[in-house]
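Welcome to this one! Below are a few notes to read with the picture open beside you.

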Amino acid sequence: MKDSHVLILGAGLMQKPAIEAAKSLNYKVTLIDGNPKALCVPMADTFIPIDLKDKEAIRTLALELKKDGLAGIFTAGTDFSASVAYACEACHVPGHSYEAALRASNKVLMRQCFAEHKVPCPHFTEIKKCELEKGEYIKKVENLPLPLVVKPVDNMGGRGCRLVKHQEDLEKAIADAILHSRTGNAIVEEFMDGPEFSIDALVYKGTVTICGFADRHIYFPPYFIEMGHTMPTNISEQDRSRLIETFVKGIQALGLTAGAAKADIKLTSKGPMIGEIAARLSGGYMSGWTFPYASDFFLTQQALCIATGEEPKELLQRRQFVLETDNVKVYDIPCTKHCCERAWISIPGTVAKVWNGTAPEKSAVKNIFPRVKAGDPVIFPRNNVEKCGNVITLASNRGEGEKAAENIIKKIVLQLEKNNKETETFLENFSFEAFPPNAFTFPKDVNESLEKFFLHCNGVFSLGDELKNTIPSCLKPYVTLSCDSQYDSRQISFRDWNYRTLEDTICFFDSYLKELVSGKKTRKDDSVTEDCVNKTAFKPISLVKLWKSCIRGGIQGLLYTVDSEWNLVCEEGSR
């Protein structure tokens, strides 16, 4: 063990690779976080509770630690790279300059810097809280054509971000963005079309090495929810090079010179455009999990070498030259395998029970990270911290990895507590154009046929019936469909948010009720109770209500409806 130590900002799951990296380099680890109960606190040699927004307290602590041999200051997956740089400058340890880190943390400063250096990015304007209150924002946005994107100036994870298609929605979106901004300011910018990508890089002695290039999968407008990423990207080498060149121009413009840089970037109809560049490694499992899996390269460790003044030997040995742009040599650490990260989500309510299924592709699964358990409240996500869990898979080809991830997620069912106001409101808000969107969405002609079914159907569903025998005729062609090649998958989906087809949903539901009718209920210990069920004690449920619950809320909607109507009790177990 070295006498010196590393100060790491953040003690959550996203900082675990940094802690492991520091220990692999034989440094002692001092962790700071505002939450003394954060997941990784027990991994620290020393933990000190400090709010990561308090840069002065962090600087003071760093100066004190320097007396005992402070080798470096580091963060990954947090929004506090400027706090890191502020303390690094005070302690004269390696890192980006504080001014550069500020430009990479504040979206207005970033956009101004990009505009000055002719780096492609959206046109924008800043809206301050006082300008919103006085109505002055209207004049400031009049030259920006709809649709627009509204964001907090200084936050991450999609908090407070929203797409605005109509002028009447703009004020509310700005107010929400300001609410999520530490400085009380919002940014309004033109919408960038096209696919989105995440790129991690290490900047070292005038060179840039790409350490992960992933396709991002963004859904659920007007919000921007990343339901996963896939690595490596499947775009052409020519487009990949264009995006990297733009990223490098952004790095140079911001003045990032020593450490990590992370880009969210789009390939728009106008060419590559930068969403943002951060002065840190990415969160969202990319830098700490999916890229190391796909490349067999411990990215965080090499980033920490740069942060402590050590030579990043593995980086220099493994990197391969790919291009030179603006006198900057750009290298790459190639991926040899395909890694997929996918999320699962829920409709609003409170979790009563989690059904955990198994999948034949289990050998491809590297990690499953559940974020909710029985008793936890859940909502349909409006940002990237409101998802219910993530799975990571690794395979020799992209399709195999994607299939493995989807097959795991579709077997995870969050059964919700009955008679819940939030769930009830969600299911009652049935519309073919609702937000949150329905679990299953269909072409216009099918919606019209469903409207007629809802209007004229008088059928009921009794305990002992099977849902598969009540399928509306207009839905029968779509029961087994799992892909939607004819349609835009963001508007038409024959699978729910968690990859279940109608067939998957109906089979799970019918099996659930069959166990109830037979009186056999599997518990955690696999014991079985014989419980006589009097079917006549259960009042029949309207088929219209049941099918609306299915289309609106998927398997969660169906289970909630029968549990509430029939006063059923969820038992612990797994299916």
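1. Helices (H or I, at least four residues) and strands (E, at least two) are DSSP runs, numbered from the N terminus. This is a predicted model, where local features need pLDDT of at least 70, side-chain atom pairs count only at pLDDT 80 or more, and totals for chains, interfaces and linings use all residues. Residues are numbered from 1 along each chain as its sequence is written, and side-chain values use heavy atoms, leaving out hydrogens and water.

2. Start with helix 15, residues 444–456. Its 13 residues reach 19 Å from first C-alpha to last, close to the 18 Å expected at 1.5 Å a residue (the expected span is 1.5 Å times one less than the number of residues).

3. Which residues of helix 15 are buried? They are V446, N447, L450, F453 and F454, where buried means under 20% relative accessible area and exposed over 50%, with partly exposed in between (1.4 Å probe, protein chains only). These residues cover an arc of only 115° around the axis, which puts them on the same side of helix 15; the arc is that of the directions from the helix axis to the C-beta atoms. On the other side, K444, K452, L455 and H456 are exposed.

4. Helix 17 (543–566) is part of what covers the buried residues of helix 15. W547 touches F453 and F454, among others (contact means heavy atoms within 4.5 Å).

Terms used. Lists of a residue's contacts leave out its neighbours within four places in sequence.
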